[in-house]
Amino acid sequence: MIDKINSLRAEIEALTAADLAQVEALRVKYLSKKGLIPSLMNDFRSVPADQKRTIGQELNKLKEEATERINALRESLENVDTAADGLDLTRDASTWELGTRHPLSLVREEIIAIFRRLGFTIADGPEVEDDWHVFGALNFADDHPARDMQDTFFIQRNPDVLLRTHTSSVQTRTMERQKPPIRIICPGRVYRNEAISARAHCFFHQVEALYVDENVSYADLRQTLLYFAQEMFGPETQIRLRPSYFPFTEPSAEMDISCNLCGGKGCSFCKGTGWVEILGCGMVDPNVLESCGIDPVKYTGFALGMGVERITNLKYQVKDLRMFSENDVRFLKEFTAAH
Ligand code: DAH
């Protein structure tokens, strides 16, 4: 009996299996009711009484060892199977890193949404432009400093090919193609030959608006501006218009809003004045309408243009313009809540 036990034990220690079916076959062979170990236990009855105790213990140990060995084989095969599927059910669930929208995109979309509610549609134009659409048709004198190399990136001279310095060029292109009524908004990137610093960059973003129809008045401009300012910065926002000069508008103005940080009381952000400048605007100069083939006697219009970076700074107090184009994920993550 002891010999049988020992030889089975050696067999069991050396067991191997290639798959789970083989493990099951081993279980049947050694442990099932008619398996080798239970049959050995049946023979236990014939063991002489003085050996019963030792042999009984040995038999029980053998059964335990066989069970353990076969379970171990099964477990190792089960683990291999799941690893092969690339599945580890014990791993922590991994969280998805969600991206955030760029603050300039958020603000641009918000500006567009406000003007959409007033019936403006989006117009687009090229970033690589010619002199006529950026300057000539917009009433810039030949010697206007904006045409200078100091401000404009030229790609080619005579005929001039250049990067647009403002989105007002889309006004020109739209008026050339389309008859009034025209009510468009033109978001886009613009380029200026500036040294890069916290306050200036060689490219930035603007949104331009243009409304041309019969009887468009300065009052329409003012009301549109007030609506925009209050939608963008809150219903308590005040506006004020200061006379200014742009070649393409007459009269021209710059718009300030009551400082959205101190509510107009005066703080370091508004330099104690209670007002911050946000955009340029005016009534479209009759010369511009004429250059684009629109009858300036029949039609009038207003235009306005703003910098998206400027509005974003006012809304979110971004101190350094360069952060907008550095693509630092930590900066972008700060705008998660703004979505
Ligand atoms: N184009 C001007 C700029 O880049 C902004 C501007 C001012 C646009 C007045 C307008 C306007 O349409 O009426 O500084």
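Q: What does the polar side-chain atom of Gln 206 lie 2.9 Å from?
A: An oxygen atom of the ligand. Keep in mind that this is a predicted model.

Q: And how much of the ligand does the protein bury?
A: It buries 89%. The ligand taken alone exposes 360 Å².

Q: Which residues are closest to the ligand?
A: His 166, Ser 168, Arg 192, Gln 206 and Glu 208. In total, 15 residues surround the ligand.

Q: Switching to rings. How many aromatic pairs are there?
A: The structure holds 10. One of them is Phe 115 with Phe 120, an edge-to-face pair. Their centres are 5.3 Å apart, with 85° between the planes.

Q: Are those two buried or exposed?
A: Phe 115 is buried, and Phe 120 is too.

Q: Why is the pair of Phe 140 and Phe 248 called tilted?
A: The planes are at 35°, so the pair is tilted. That angle falls between the cut-offs, under 30 degrees for stacked and over 60 for edge-to-face. The ring centres of Phe 140 and Phe 248 are 5.9 Å apart.

Q: Where in the chain do Phe 140 and Phe 248 sit?
A: In distant parts, 108 residues apart. Phe 140 is in the loop between α6 (131–134) and β3 (154–156). Phe 248 is in the loop between β7 (239–246) and β8 (249–258).

Q: Buried or exposed, Phe 140 and Phe 248?
A: Both are buried.

Q: Which residues do ring pairs link into a cluster?
A: Phe 115, Phe 120, Tyr 211, Phe 228 and Phe 302.

Q: What sits over the ring of Tyr 211?
A: The charged end of Arg 183, 5.2 Å from the ring centre.

Q: And what lies over the face of Phe 44?
A: Lys 52, at 5.6 Å from the ring centre.

Q: What about the bond from Glu 250 to Pro 251, cis or trans?
A: Cis, with omega near -5°. Pro 251 lies in strand β8.

Q: What is the phi of Lys 271?
A: About 50°, positive, although Lys 271 is not a glycine. Most residues other than glycine have a negative phi.

Q: Where is Lys 271 found?
A: In the loop between β8 and β9 (275–284).

Q: Why does Lys 271 count as exposed?
A: Because its relative accessible area is 71%, and the cut-off for exposed is over 50%.

Q: And Gln 317, what is the phi there?
A: Near 50°, again a positive value in a residue other than glycine. Gln 317 is in the loop between α10 (308–316) and α11 (329–333). Gln 317 is partly exposed, with a relative accessible area of 30%.

Q: On to the overall layout. What are the domains?
A: Domain 1 covers 2–84 and domain 2 covers 103–338. Their C-alpha centres lie 85 Å apart.

Q: Where is Leu 20 found?
A: In helix α2 (residues 20–31). Leu 20 is partly exposed, at 34% relative accessibility.

Q: How far is Leu 20 from Ala 93 in space?
A: 28 Å, C-alpha to C-alpha. In sequence Leu 20 and Ala 93 are 73 residues apart.

Q: Last one. Which helix holds Glu 231?
A: Helix α8 (residues 218–233). Glu 231 is partly exposed, with a relative accessible area of 37%. Glu 231 and Gln 150 are 37 Å apart, C-alpha to C-alpha, and 81 residues apart in sequence.

Note on methods. Residues are numbered from 1 along each chain as its sequence is written. This is a predicted model: local features need pLDDT of at least 70, side-chain atom pairs count only at pLDDT 80 or more; totals for chains, interfaces and linings use all residues. Side-chain values use heavy atoms; hydrogens and water are left out. Rings of Phe, Tyr and Trp (its six-membered ring) pair if their centres lie within 6.5 Å; planes under 30 degrees apart count as stacked, over 60 as edge-to-face and the rest as tilted. Buried means under 20% relative accessible area, exposed over 50%, partly exposed in between (1.4 Å probe, protein chains only). Helices (H or I, at least four residues) and strands (E, at least two) are DSSP runs, numbered from the N terminus. A charge sits over a ring if NZ of Lys or CZ of Arg is within 6 Å of the ring centre and within 35 degrees of the ring normal. Domain bounds come from an automatic or database domain assignment. A residue is near a molecule or strand if one of its heavy atoms lies within 4 Å of it. A polar contact is a pair of N or O atoms within 3.5 Å; within protein, one must be able to donate a hydrogen and the other to accept it, and residues adjacent in sequence count only if both atoms are side-chain atoms. Accessible areas come from the Shrake-Rupley method with a 1.4 Å probe; for residues, only the protein chains shown count as cover.
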